[in-house]
Amino acid sequence: MIGIKSIVLAAGLAMLSVGAAQAAPAAPATKAVAAAPAATVSQDPMLAVDGAPAMAIDPKVGQPVDGLITIQPQVTPNGQQALWFHNTLLMPVITGICILVLVLLGWVALRYRRAANPVASKTSHNTILEVLWTGIPVLILLGLALPSIGLLQAQYKPAPKNAVTLKAIGNQWYWTYQYPDHGGFEITSNMLKEAGEIGKGERARTAIDGPRLLATDNRVVLPVGVPIRLITTANDVIHSWAIPAFWIKLDAVPGRLNETSFTINKPGVYFGVCSELCGARHGYMPITVEAVSPAVFAQWIKAKGGTMPGAAPAPAAAPATATASIATPGAPAPTAAVVTAGQ
Ligand SMILES: [Cu+2]
């Protein structure tokens with residue numbers, strides 16, 4: 001009896017865990033994570049545990065997908081513009097030109113082969129043809145250059161004053177992050193190893209954390225709908241902070257600050273990797289960004305011991321008020337603080 005019982009129980013558990021690991025991650029994943037630590041920190045599952053997986057992952061967004069041959073779905077305006085540029089202009093133009101050249105080559109090879117055309121034409125110039133085959137490519141290039149330059153300009157547009165600053169620092173081989181506008185606290189983000197590879201006191205990756213080689217122990221948390229000023233630098237060699245779903249890849253160079261800005265317009269978990277060959281464990285310093293609402297971001301900042309720019313002058317006097325305003329559904333106050341206050 002005990003044997004049958006335990007087999008049934010094990011089968012049930014196995015099915016549950018498979019369900020959690022595969023499709024429909026939203027409901028089971030969130031529940032599983034929220035269950036354990038909810039009482040200690042907050043009712044919001046995203047803030048459940050420091051560093052532990054919180055927000056459920058959409059396996060089709062923000063990470064590589066099996067069989068996908070195109071660009072990841074984009075969640076920033078620049079990324080969406082770039083994806084549009086790629087899908088609507090570049091690919092059709094490239095495809096059209098390739099097909100045209102292939103057809104012309106085939107036609108010339110067949111029609112003007114020696115057997116079909118024994119006496120070759122002596123024509124050496126054709127003004128109309130020459131103007132066309134110079135002019136049309138120039139027009140095509142101009143048509144591509146204009147949106148391309150616009151996109152480049154958008155990517156280098158400095159962040160507005162109310163932006164949230166994230167400083168990403170590359171190290172061999174992990175990332176540290178600072179939030180200079182929010183009290184300057186720092187978090188360290190290491191890759192989560194697999195169950196068989198962990199050392200003493202280390203936590204193994206689970207399906208809820210994210211894909212193998214991409215999941216980290218501490219996710220970078222950023223607000224949605226608020227401009228982010230990304231600053232990168234490094235402590236040792238050149239690294240590169242890259243998230244494909246944001247259309248962001250920015251080198252992190254020792255002794256130098258690089259800057260760009262972006263706005264995430266969809267909550268979710270987004271994965272990236274160091275994209276500059278930086279040494280032996282270059283492939284093991286992933287990046288995980290969890291994009292949350294500004295209200296939840298404010299909560300997370302508090303949980304980390306940081307301060308919101310608007311709330312900075314009286315950190316000791318008004319913790320109760322601050323908590324109350326965050327707890328309010330809709331929470332307009334923290335949103336406003338994130339958007340309007342800045343340095
Ligand atoms: Cu690196």
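These questions and answers walk through helices and strands of one predicted model.

Student: How are residues numbered, and which pLDDT do local features need?
Tutor: Numbering starts from 1 along each chain as its sequence is written. In this predicted model, side-chain atom pairs count only at pLDDT 80 or more, totals for chains, interfaces and linings use all residues, and local features need pLDDT of at least 70.

Student: At what angle do the axes of helix α3 and helix α4 cross?
Tutor: Helices here are DSSP runs of H or I with at least four residues, strands are runs of E with at least two, and both are numbered from the N terminus. Axes are lines fitted to C-alpha atoms, for helices over the stretch in contact, and angles run from 0 to 180 degrees between N-to-C directions. Helix α3 covers residues 77-111 and helix α4 covers residues 127-155. Their axes come within 10 Å and cross at roughly 165°.

Student: Which word describes how α3 and α4 run to each other?
Tutor: Use the cut-offs: under 35 degrees is roughly parallel, over 145 roughly antiparallel, 65 to 115 roughly perpendicular, and the rest oblique. The crossing angle is roughly 165°. Therefore α3 and α4 are roughly antiparallel.

Student: How many nonpolar residues are in the contact of α3 with α4?
Tutor: Contact means C-beta atoms, placed from the backbone, within 7 Å. Residues of α3 including Phe85, Leu89 and Val93 meet residues of α4, among them Ile140, Leu144 and Leu151. Nonpolar means Ala, Val, Leu, Ile, Met, Phe, Trp, Tyr, Cys or Pro; charged means Asp, Glu, Lys or Arg; the others, Gly among them, are polar. The contact of α3 with α4 has no charged residues, three polar ones, and nonpolar ones numbering nine.

Student: Which residue of β3 is the bridge partner of Tyr177?
Tutor: β2 also pairs with strand β3 (residues 186-189). The pairing is antiparallel, over four bridges. The partner of Tyr177 in β3 is Ile187.

Student: Which strands are the edges of the five-stranded sheet?
Tutor: The sheet is open, its pairing is mixed, and its order is β4-β10-β9-β6-β7. An edge strand pairs on one side only. That picks out β4 (220-223) and β7 (248-252).

Student: Which residue of β10 stands opposite Val220?
Tutor: β4 pairs with strand β10 (residues 286-292) over four bridges. The sense is parallel. Opposite Val220 stands Val289.

Student: How many residues of strand β9 are buried?
Tutor: Take C-beta atoms placed from the backbone and count the others within 10 Å of a residue's own: 20 or more is buried, 12 or fewer exposed, in between partly exposed. Strand β9 (residues 268-274) joins β10 through six antiparallel bridges. β9 is mostly covered, and of its seven residues the buried number is five.

How values were computed:
Two residues are in contact if their C-beta atoms, placed from the backbone, lie within 7 Å. Two strands pair if DSSP finds at least two bridges between them.
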